[in-house]
Amino acid sequence: MVPSDRPPLPLSTLVAQFHALGLSAAPVVVVHSSLRAVGPVEGGPLGLIAALRAALAPDATLVLPSMSDDDEHPFDTASTPCASMGVVADTFWRQPGVVRSDNPASFAAVGPLASVITAPHPIAPPHGIDSPVGRACALGGSVLLLGVDHSANTTMHLAESMAGVPYASRKECVVLRDGVPARVTYEETDHCCENFQRIDGWLRDRGLLAEGTVGYGHARLVRAADVVRVAVEALRGDPYAFLHPRGAGCEECDLAWESVATSPAR
Ligand SMILES: [Zn+2]
């Protein structure tokens with residue numbers, strides 16, 4: 001729960017904080033957020049979304065995750081919730097004028113490039129070069145982390161995909177084929193993602209990370225291309241740079257390690 005002793009912050013404060021971070025220069029911004037960490041803000045999730053839109057340049061495109069939490073039912077752009085990405089993400093895709101991609105790994109966007117970013121994309125890799133985060137990166141986009149760290153940064157999976165990491169997990173989802181639900185299996189680079197935080201210091205040391213306070217939380221703004229470049233560089237040196245060491249007690253990373261022997265050669 002949001003601590004109740006903090007007064008909710010007005011939109012004008014948030015907009016000023018976003019400007020101080022440099023947000024108004026971003027042509028495309030992919031936002032990952034925790035309202036619990038940055039709030040309370042006046043208007044709740046809608047207030048935070050309004051502040052983002054007010055702080056961005058008028059010709060900028062705002063992008064948030066809207067992926068499904070459910071691998072049992074076909075994805076429906078009009079109704080499938082996105083609870084796991086936080087209340088701001090699950091509020092954003094429902095707003096008028098927001099376009100949502102029709103994919104279990106959906107993203108939603110508003111702005112001039114929204115249709116390009118959310119155009120049909122393949123099931124796998126979910127966050128590859130031909131995905132909303134891949135397109136946002138190619139279009140000069142930035143990543144804004146609001147009260148979350150790089151473990152929530154989907155663009156790190158784009159870097160893993162581009163580097164061709166040797167680990168992957170088998171996932172399942174249900175899609176409609178000619179109106180009939182069909183179960184599809186696919187491979188996704190998945191692990192606990194905690195060690196994505198390693199990139200934080202690497203970006204900071206290179207002067208590529210803008211940081212500040214937004215609401216009551218910590219905010220980071222970085223160009224997506226810089227995330228990919230620095231992460232791919234690290235993965236070239238060590239393809240397992242973002243996994244916990246094998247047998248270190250992390251079940252999810254151990255599954256990724258196990259997949260190395262069984263995955264097709266890349
Ligand atoms: Zn792990």
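Student: Is the crossing of α1 and α3 left-handed or right-handed?
Tutor: Right-handed, with the near helix turned clockwise from the far one by less than a right angle. This is a predicted model, where local features need pLDDT of at least 70, side-chain atom pairs count only at pLDDT 80 or more, and totals for chains, interfaces and linings use all residues. Residues are numbered from 1 along each chain as its sequence is written.

Student: What angle do α1 and α3 pack at?
Tutor: About 45°, with the axes of α1 (residues 11–21) and α3 (residues 44–55) 9 Å apart. Axes are fitted to C-alpha atoms, for helices over the stretch in contact, and angles run from 0 to 180 degrees between N-to-C directions.

Student: Which residues meet there?
Tutor: From α1, Leu-11, Leu-14, Val-15, Phe-18 and His-19; their partners in α3 include Gly-47, Leu-48, Ala-51 and Ala-55 (C-beta atoms, placed from the backbone, within 7 Å). The contact has 10 nonpolar residues, two polar and no charged; Gly counts as polar.

Student: New topic: what order do the seven strands take in the sheet?
Tutor: The open, mixed sheet runs β3-β4-β2-β1-β5-β9-β8. At its edges are β3 (99–100) and β8 (210–214), each pairing on one side only (a pair needs at least two DSSP bridges). Helices (H or I, at least four residues) and strands (E, at least two) are DSSP runs, numbered from the N terminus.

Student: And where does α1 touch the sheet?
Tutor: At β8 and β9 (217–223); the direction of α1 makes about 170° with that of β8.

Student: How many bridges join β2 to β4?
Tutor: Four, between antiparallel strands at residues 61–65 and 107–110. Leu-64 sits opposite Ala-108 of β4.

Definitions and conventions. Two residues are in contact if their C-beta atoms, placed from the backbone, lie within 7 Å.
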